[in-house]
Amino acid sequence: KFHELAVFDACGGVKENTFKILMGGPMMGLALDSDALPVLKQNNAILAFQEQDAVLPAPTACIHCGRCVSHCPMNLNPTAFSDDLEEENGDKRALLLDRDHVNFCIECGSCSYVCPAHRPLAENNRAAKKYLKKYKADHAEGGKK
């Protein structure tokens with residue numbers, strides 16, 4: 001499946017059963033659909049995983065341990081963003097996300113990394129920021145679209 005990335009050749013190649021490749025490191029990296037991409041100067045890590053190492057544990061309900069908050073370098077509350085995203089009223093959802101400062105999230109992944117419930121907090125933060133950005137663009141200059 002993965003065999004075209006020249007950097008792997010320089011390191012002795014990948015194993016036959018390589019299942020997932022992350023580019024960008026273990027916490028902020030993105031999974032690649034293909035290895036037919038260039039390695040750029042901003043790439044700080046390329047990781048190859050076998051299937052047993054690539055499967056994420058199933059998330060469970062938040063246990064309110066506070067680890068995500070205490071490890072956030074921006075002192076944010078990622079669980080609040082998840083709760084805000086569940087608000088059905090779009091205007092209220094945007095207000096809550098803005099109030100909780102979702103745009104201050106630097107997407108470092110610390111919250112997801114330390115979560116004992118394996119919740120996809122970093123992904124939720126990204127989705128929340130995307131929602132708020134679109135909402136603000138659609139409602140810019142005082143008018144609604």
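Residue T79 lies in helix α4, where helices are DSSP runs of H or I with at least four residues, strands are runs of E with at least two, and both are numbered from the N terminus. The structure is a predicted model, in which local features need pLDDT of at least 70 and side-chain atom pairs count only at pLDDT 80 or more, while totals for chains, interfaces and linings use all residues. Residues are numbered from 1 along each chain as its sequence is written, and side-chain values use heavy atoms, with hydrogens and water left out.

With a relative accessible area of 16%, T79 is buried (buried means under 20% relative accessible area, exposed over 50%, and partly exposed in between, with a 1.4 Å probe and protein chains only). Leaving aside neighbours within four places in sequence, T79 is in contact with C62, C68, R119 and L121, contact meaning heavy atoms within 4.5 Å.

L121 is also among the buried residues of helix α7, which are L121, A122, N125, A128, K129, L132 and Y135. These residues cover an arc of only 150° around the axis, which puts them on the same side of α7; the arc is that of the directions from the helix axis to the C-beta atoms. The cover over the buried residues of α7 includes α3 (67-71), α4 (78-85), α5 (90-99) and α6 (110-114), whereas the face turned away from the buried side carries the exposed residues K130, K133 and K134.

Elsewhere, S34 is placed in the loop between β2 (30-31) and β3 (46-50), and S34 counts as partly exposed at 31% relative accessibility.
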